[in-house]
Amino acid sequence: MTLHLYNTAHRKKEEFVPMEPGKVGMYVCGPTVYDRAHIGNARPVVIFDVLARLLRHQGYELTYVRNITDVEDKIIDAAAKNGESIDALTTRTTQAYHDDMAALNALPPDLEPRATEHIDGMIRMISKLIEKGHAYEAEGHVLFDVTSMADYGKLSGRNREEMIEGARVEIAPHKKDPADFVLWKPSTGDMPGWDSPFGRGRPGWHIECSVMSEATLGITFDIHGGGRDLIFPHHENEVAQSCCAHDGAPFARYWVHNGFLMVDGKKMSKSLGNFRTVQDVLEEAPGEAVRLYMLKTPYRKPLNWTDYGLDQAKTEMSKLYIVLKDFDEVKTGPLEPNPEVVSALSDDLDTHAAFIKIQNLAKQLRREKNIAEQSRLKGQLIASGQLMGLLEKTWQEYFKGRIEGQVATLTISISEEKIESLIAERDEAKKQKNYARADEIRDNLKAEGIVLEDGPGGTTWKRA
Ligand code: AMP
Ligand code: ZN
């Protein structure tokens, strides 16, 4: 089935054709390891894990690379604050990251380069950029000269003013142009540093990914991914460095970016302090339910995280496992995903449509009387779930320790108390003229089989 992906570089959905038939190289920007990951950080991991599973299902030989940024100023600051060595901090947080992502059923990447293992390559690329007139030294720094590249700004579509104002661009006196960005910076005292032709120092963040992607996948490769906050400046700057170091040779061919995970309409981020760590959320819900919540919204759209949304994903995940429990005796047929699920995912990773199809498969299985057909549907249901990294456990494993012995009598439905509180929240949203939220609540309740009726005396509800 032909895969289509929305390519940020061309701002449209395109047919995916790999550079080399049958092979795909995919690079996704990984974490800066200084703290526990929050659920916003986990969104790209889950999304690109589905893309990796889909590519493999379609028969591609995939090399999936996700780096670890283990040298960056946030790491230096956090280690000093904790009174911990940089090595101890990055080792501890890398392990925590692996544990958290595994709990969300994200498979490890094939290669996980660490920035500190590629410093020589970074020094070489920076030297090349200086030689070719794209970079210059100033006060112990090396800066990329953005005026040396005619196409600078093309990926993000930003004009000069927007780029200068853009996040993370430091205005510093030693820059020739305010939009120039750092390739190398001096390290003093006990800061991590490496000797280089430009003095003892450490790399800027952007050069790390240009070098690690080339070292693992080559100069030109198929897919580059990350959250949309990385389009500018991080990815724009990767393009500038890599293309200029290789005399204009193309860099990533398809740029894929996920939308933000939000809280109350704002991007979840460490700096705003509105984050929930993956570890915290795993206390409230099984990893597969957290993953499902992330996948119910198409990846390019914002996902507003709410307790109610998580509850709903928990219920939906349990319902699927209850079907597996009720059909435990039925032999699992061939583990072939349903073609409509594959087709939804192949349409720019429409995980929302794919999950609705999975729910329908479960309903179909419930109604089916023919044993052979039950067996076939059960195989399809499990394989379709697994293509999205769901239904990877047995029902016994999934329910273990959570509702001991009660699975048989479990009925999952939203409580009256919850319905009343959502109606109150909807009334408030309408007062605030937040009709989008009001409609969202009505639609979510409808999905639970609860119909709202607005009348002169207020809103009433009934089970459909
Ligand atoms: P960072 O450590 O901030 O560079 O983020 C690691 C990855 O998480 C990057 O791909 C970011 O784009 C992504 N990311 C960070 N915050 C969010 C968020 N609130 N929603 C979705 N993705 C995010
Ligand atoms: Zn990167």
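Me: Before we start, what should I know about numbering and confidence?
Reply: Residues are numbered from 1 along each chain as its sequence is written, while chains are lettered from A and ligands numbered from 1 in the order in which they are written. This is a predicted model in which local features need pLDDT of at least 70, side-chain atom pairs count only at pLDDT 80 or more, and totals for chains, interfaces and linings use all residues; side-chain values use heavy atoms, with hydrogens and water left out.

Me: Which residues coordinate the zinc ion (ligand 2)?
Reply: Cys 29 (SG), Cys 209 (SG) and His 234 (NE2) coordinate the zinc ion, at 2.0 to 2.2 Å. Donors are N, O and S atoms within 2.8 Å of the metal (3.2 Å for Na, K and Ca); water is not among the atoms, so sites may look incomplete.

Me: And how are the donor residues spaced in sequence?
Reply: The spacing is C-x179-C-x24-H. The two cysteines link distant parts of the chain, 180 residues apart: Cys 29 is in the loop between strand E3 (23–28) and helix H1 (39–57), and Cys 209 is in helix H6 (residues 205–217). Helices (H or I, at least four residues) and strands (E, at least two) are DSSP runs, numbered from the N terminus.

Me: Is Cys 29 buried or exposed?
Reply: Cys 29 is buried, and so is Cys 209. Buried means under 20% relative accessible area, exposed over 50%, and partly exposed in between (1.4 Å probe, protein chains only).

Me: Let us turn to the sheets. What is the strand order in the parallel one?
Reply: It is an open sheet of four strands in the order E4-E3-E9-E10, with parallel pairing. Strand E4 (61–66) and strand E10 (252–258) each have a single partner strand, so one side of each is left without a neighbour in the sheet. The twist averages 20° from one strand to the next; axes are lines fitted to C-alpha atoms, for helices over the stretch in contact, and angles run from 0 to 180 degrees between N-to-C directions.

Me: How many bridges join E3 to strand E9?
Reply: Three bridges join E3 to strand E9 (residues 221–227), and Val 28 has Gly 225 as its bridge partner in E9. Two strands pair if DSSP finds at least two bridges between them. Helix H6 lies across E3, E4 and E9, running at about 160° to E3.

Me: What about the antiparallel sheet?
Reply: Four strands form this open sheet in the order E5-E6-E7-E8. Its edge strands are strand E5 (135–138) and strand E8 (201–203), each pairing on one side only. Three bridges join strand E7 (residues 181–186) to E8, and the partner of Trp 184 in E8 is Pro 203. Helix H4 (residues 119–131) packs on the sheet, touching E5, strand E6 (141–144), E7 and E8, and its direction makes about 120° with that of E7. Contact means heavy atoms within 4.5 Å.

Me: Moving to ligand 1, how many residues surround it?
Reply: There are 14, and the closest are Gly 40, Gly 227, Asp 229, Leu 261 and Met 268. A residue is near a molecule or strand if one of its heavy atoms lies within 4 Å of it.

Me: Where does Glu 316 lie?
Reply: Glu 316 lies in helix H10 (residues 307–326) and counts as buried at 11% relative accessibility. Its side chain makes a polar contact with the side chain of Lys 296 (2.8 Å). Not counting residues up to four places away in sequence, Glu 316 touches Leu 292, Lys 296, Phe 355 and Gln 359.

Me: Why is Ala 115 classed as buried?
Reply: Ala 115 is classed so because its relative accessible area is 0%. The residue is found in the loop between helix H3 (86–103) and H4.

Notes: Polar contact = N/O pair within 3.5 Å; in protein donor to acceptor, adjacent residues only side chain to side chain.
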